[in-house]
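Please work through the exercises below with the sequence and the model at hand. Each task is followed by a solution in steps.

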Amino acid sequence: IYVFLAKPIYMLTHDANLSFLIINLLATGFGAIAIYLFSKKLFNKPSAIAASLLFLSSPAIYFHSLAAFTYMLDGCFIMFLAYFAYLSLTEIKLKYAILSAIFLGLSAGARQQDIVLLFPLFLYGIHKQKFKNIIISILTLAIVCFSWAIPMIYLSGGVKSYISACKIQAECGEHGNILILFNYWVRTGGKLLRIISKVITIGLIPLIIIAIINFKKIIRDKKTIFFAFWIIPCLLFWFNFHLSNLGHTFTCIWAIFPILAYALYVGTLHATSLQKIIFLCVFVNIIVFFFDPKPHKPFKNKTWYQEADLRKRNDFMKYKIQYIKENFSPSDTIILADTGGSGNLAQAGYYLPEFSFYHLNALIDKGKFTVLFTKNREYVKVIDETSVFSIPNAIKNIVLFDEIYPKYLVNSNIMDSIYLDKNIYIQIIKVNDKNKIKYDYKKWEII
């Protein structure tokens, strides 16, 4: 759906990145409206205004509005789903049940796991409807899903290819024995706390304090059940499957804005005090987003979702892509690129479609028992912990596009670093058809 919506805009702009950013900005605007309507319905008008301001000033929202990812569109659809699901629950009208079904279907078109994670919220929202209305709502959901699923399956190469790709992605979540799983739970909990701090910054402190003080009231509040059906399935997924980056949390993280706004409203008990607290939170959010504590440091994949990350990443991509185009041929060069938080494999692949890309997934997502090897969107399942691949014939150069590959390269002495601009550099390895790539969960090397 993200690409489909951007295509008409691309016909006017002839710029793919700009087309996606326009979609993101529109999604941000409509998302703010959805948050306002949802918060006003659940709580009150002051809380609704505060929630919208917290949302629009959030560094995480700023960042994803200005980067070509699907997350903003996904979050916008989900926020409208939550709003209409709550209206269906409280007013029990068929039109709201149908609208919640439509927005669930649209959100699944943006990110397909939404159909699983948010289906409990959808069902809870329509469960008070008449049985006939429930059937109509589910049929509406099916129609919306088929409207995007059929073209997607066709473009994927058919049903078998689509199911195969889904299985490969699903197997990424296997974590082995209970000790590894427990370690994953601990790391995921820490990551989730860091993500929340990046979404609401200083607002996390009063949110925790007010939640502790009003814990009994929160547990007894019927609205808590609605949020539980929204948030708990997402938490179960992240803690038992996979939580890669902040954008993945957009399935429910937007709920934190109305929750925080109402918590501040309850905690201040005065309109003027609420305004001052909201102003402080918005001010801190803006400072966090625009202040660069390390202006001379190069771009890193572990982003803090700041304006500097966007700017440095643009330079990072621009200089590397330009250098590769000017100095290498697709016939004798392969590129190692990462699919981490920066998404450089997808970006580099878009601007360098004629080149072959390799992705050594084991280096990035350590602790898994299934390894994915990627080349030009083709996936090969590797089940052993150490893998060896031959360098294709006629290949003379391996370009290390992302920082993770030099970091885990054993024989780094064979690597040449070429500085492109200030702190931006690219690494090159000269190879021949007798060389092979060997890698496992901890390192890789050229043999």
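The model is predicted, so local features need pLDDT of at least 70 and side-chain atom pairs count only at pLDDT 80 or more, while totals for chains, interfaces and linings use all residues. Residues are numbered from 1 along each chain as its sequence is written, and side-chain values use heavy atoms, with hydrogens and water left out.

**Exercise 1.** Determine how many salt bridges the whole structure holds, and locate each one.

Solution. 
- Apply the criterion: a side-chain nitrogen of Lys or Arg lies within 4 Å of a carboxyl oxygen of Asp or Glu. The search finds 2 salt bridges.
- E91 pairs with K41, with the closest N and O atoms 2.9 Å apart. This pair links distant parts of the chain, 50 residues apart: E91 belongs to helix α5 (residues 71–91) and K41 to helix α2. Helices are DSSP runs of H or I, at least four residues, numbered from the N terminus.
- E307 pairs with R311, the closest N and O atoms being 3.3 Å apart. Both lie in helix α17 (residues 307–327), 4 residues apart, about one turn of the helix. In an α-helix there are 3.6 residues a turn, so residues three or four places apart point the same way.

**Exercise 2.** Compare the span of helix α2 with the expected value.

Solution. 
- Helix α2 covers residues 16–42, which is 27 residues.

**Exercise 3.** Classify the ring pair of F289 and F290.

Solution. 
- Rings of Phe, Tyr and Trp (its six-membered ring) pair if their centres lie within 6.5 Å; planes under 30 degrees apart are stacked, over 60 edge-to-face, and the rest tilted. The count comes to 32 aromatic pairs.
- For F289 and F290 the centres are 4.8 Å apart and the planes stand at 85°, so the pair is edge-to-face.
- F289 is buried at 1%, whereas F290 is partly exposed at 45%.

**Exercise 4.** Which helix contributes the largest share of the nonpolar patch?

Solution. 
- Helix α12 (residues 204–213) contributes the largest share, 3 residues.
- I205 lies in α12, and this residue is exposed, with a relative accessible area of 54%.

Terms used. Helix = DSSP H or I, 4+ residues; strand = E, 2+ residues; numbered from the N terminus. Buried < 20%, exposed > 50% of the residue type's maximum accessible area, 1.4 Å probe, protein only. Expected span 1.5 Å × (residues − 1).
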